[in-house]
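These are my notebook entries on how two parts of one protein chain meet. I wrote them while going through the model step by step.

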Amino acid sequence: MITVRAPATSANLGSGFDVFGAALSRPADIVRVEPADETTIEMSGAGSEYIPEDPEKNVAGAVADALSAPARIRIDKGVRPSSGLGSSAASAAAVALALDALYELGHGREALVPYAAEGEALVSGEAHADNVAPALMGGFTIATDGGITQIDTSIPLVVCLPELVVSTRDARRVVPASAEVSEVVDCVGRAATLTAGMCRDDPTLVGRGMADEIVTPARAALIDGYETVHEYALDAGATGVTVSGAGPAVIAACRHPDRRAIASAMLDAFADHDVEARAYQTRVGRGAELL
Ligand code: HSE
């Protein structure tokens with residue numbers, strides 16, 4: 001049997017819609033996998049009651065099928081579904097890594113990304129790599145058709161997860177079909193700034209690069225209290241704030257000593273809107289690990 005810890009991830013980071021992703025040092029899924037004649041799945045942990053155990057409807061089943069590697073899979077969720085924290089990607093990455101090791105498939109992490117993305121396709125209808133790439137490879141990742149670029153960094157972050165549900169499918173429906181050239185120019189500049197910040201381990205540049213006027217405003221409107229959370233986090237010292245993935249989690253970049261105050265401010269802001277939430281003081285971290 002193989003046990004894998006696979007991290008939550010945050011996709012988009014504002015200016016990198018469907019491209020950027022970051023592995024978070026916490027929370028994480030723990031997944032146990034052993035060979036079997038046919039794939040079975042058992043779920044426990046955060047939000048597991050909402051996740052089907054039928055292998056044909058579960059990301060883990062899709063990954064096992066894509067790798068032609070049947071297994072008994074037990075998933076203990078640390079990341080609840082529909083959170084904006086790469087819940088399905090964590091399970092998909094863990095299962096891909098475990099099956100690669102169990103069956104000695106020899107793919108390696110980057111080559112496993114498309115297999116893990118098959119699980120994403122099952123959940124959201126599209127095989128995005130922006131969560132599974134950092135879940136497998138760790139750090140900050142840039143996922144394009146040409147491949148994955150990975151950068152090791154440890155930028156401090158706060159992630160605040162409200163007790164709201166935003167489905168990825170709904171969040172994709174509100175993405176604008178087009179943008180003005182001036183908006184695209186600004187977004188390219190922000191994305192380049194964020195990337196430079198990740199390379200230099202510079203929270204100021206990362207935060208500045210998170211701003212986005214194309215996709216984020218439409219998604220923020222789906223999250224009760226978002227504007228207040230954004231304002232309070234910046235007031236508490238965050239260098240940048242945006243929607244995490246498809247939401248409803250909100251992510252803030254910051255300096256390490258400011259994390260606690262920012263987490264508290266974000267919780268206060270959601271409370272002002274009668275929304276329960278929990279905050280994770282985290283950072284950009286490692287990819288899935290065999291335990
Ligand atoms: N990039 C994706 C989105 C991540 O924001 O819709 C969620 O699958």
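Entry 1. I looked up the area buried between domain 1 and domain 2 in this predicted model, and I noted a value of about 2500 Å², of which carbon and sulfur atoms give 58%. On the side of domain 1, I found that Ser15, Phe17 and Arg80 supply 21% of the area this domain buries against domain 2, which is more than any other three residues give.

Entry 2. I then went back to the division of the chain, in which domain 1 covers 2-151 and domain 2 covers 156-283. I noted that 30 residues from domain 1 and 40 residues from domain 2 take part in the contact. The centres of the two domains, taken over C-alpha atoms, are 23 Å apart.

Entry 3. Which residue forms a salt bridge with Asp18? I found that the partner is Arg172, and that the closest N and O atoms of this pair lie 2.7 Å apart. I counted one salt bridge between domain 1 and domain 2, and I also recorded 16 residue pairs in polar contact between them.

Entry 4. Next I asked which elements give two or more residues to the side of domain 1 that touches domain 2. My list holds strand S1 (2-11), strand S2 (20-35), helix H3 (109-124) and strand S5 (140-144), and S2 gives the most, with six residues. When I sorted the residues of this side by kind, I had 13 nonpolar, 13 polar and four charged.

Key: Residues numbered from 1 in each chain as written. Predicted model: local features only at pLDDT ≥ 70, side-chain atom pairs only at ≥ 80, totals over all residues. Heavy atoms only, no water. Domains from an automatic or database assignment. Contact = heavy atoms within 4.5 Å. Buried area = accessible area lost by both parts, 1.4 Å probe. Salt bridge = Lys/Arg side-chain N within 4 Å of Asp/Glu carboxyl O. Polar contact = N/O pair within 3.5 Å; in protein donor to acceptor, adjacent residues only side chain to side chain. Helix = DSSP H or I, 4+ residues; strand = E, 2+ residues; numbered from the N terminus. Nonpolar A, V, L, I, M, F, W, Y, C, P; charged D, E, K, R; others polar.
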